[in-house]
Amino acid sequence: MRVASVCVPHFYVQVARILHPESAGLPIVIGGLPEERSTVVDCSEEAALRGVSTSLSLNEAYRLCPHALFMPFNQEIYKDAWEEIIFTLQSFTPRIETTAPGLAYL
């Protein structure tokens, strides 16, 4: 039996970049607006280089990277994007196991 894995690093950021191509190269924080009482779900490499990481409060992320684009976490958009990827992968194999959006085993 052969096993392959598909990993899309920073899946939520990658989807945001597809939906907002003008964000290329800019720091992105996924999770909401800085004034919301929530946490960072994902961030781009540009934001990570400034100290932003998942589970930080959005307010703290803003203090570390005030020029970042803060985007809401719209679970339905990400779910649809991942289902589209899985549908494409099904052309290679009928057996796919996903552990999280952005990570699948074939």
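**Figure 1. Buried residues of helix H1 in the predicted model.** In helix H1, the residues Phe11, Tyr12, Val13, Val15, Ala16 and Arg17 are buried, in a model that is predicted. These buried residues of H1 pack against strand E2 (28-30), strand E3 (42-43), helix H2 (45-48), strand E4 (69-71) and helix H4.

**Figure 2. Crossing of helices H1 and H4.** On the H1 side the contact is made by Phe11, Tyr12, Val15 and Leu19, and on the H4 side by Ile77, Tyr78, Ala81, Trp82 and Ile85.

Figure 3. Arg17 has its place in helix H1, and its relative accessibility is 17%. Because buried means under 20% relative accessible area, Arg17 counts as buried at this value. When neighbours within four places in sequence are left aside, Arg17 is in contact with Ser23, Ala24, Gly25, Leu26, Ile28, Ser44 and Glu46.

Figure 4. Although Tyr105 and Val3 are 102 residues apart in sequence, their C-alpha atoms are 6.9 Å apart in space. Apart from neighbours within four places in sequence, the residues in contact with Tyr105 are Ala4, Ser5, Arg95, Ile96, Glu97 and Thr99.

**Figure 5. Two loop residues with positive phi.** His10 is found in the loop between strand E1 (5-7) and helix H1, and its phi is near 50°, a positive value in a residue other than glycine. At 26% relative accessibility, His10 counts as partly exposed. Ser55, which is likewise not a glycine, has a positive phi of about 75° and lies in the loop between helix H2 and helix H3 (58-64). The relative accessible area of Ser55 is 60%, and this serine is therefore exposed.

**Figure 6. The protein chain as the setting of the close-up views.** The protein chain has four helices and six strands, which follow the pattern β-α-β-β-α-α-β-α-β-β when read along the sequence. Its C-alpha trace spans about 50 × 25 × 25 Å along the principal axes, and of the 106 residues of the chain 33% count as buried. Among the contacts in the protein chain with a separation of 6 or more, 46% are accounted for by residues 24 or more positions apart. The accessible surface of the chain comes to about 6,800 Å², and 57% of this surface belongs to carbon and sulfur atoms. The chain holds 7 positive and 12 negative charges, whose mean positions are 6 Å apart.

Methods. Residues numbered from 1 in each chain as written. Predicted model: local features only at pLDDT ≥ 70, side-chain atom pairs only at ≥ 80, totals over all residues. Heavy atoms only, no water. Buried < 20%, exposed > 50% of the residue type's maximum accessible area, 1.4 Å probe, protein only. Contact = heavy atoms within 4.5 Å. Areas by Shrake-Rupley, 256 points an atom, 1.4 Å probe, with all protein chains shown as cover. Lys, Arg positive; Asp, Glu negative; His and termini not counted. Charge placed at Lys NZ, Arg CZ, Asp CG, Glu CD.
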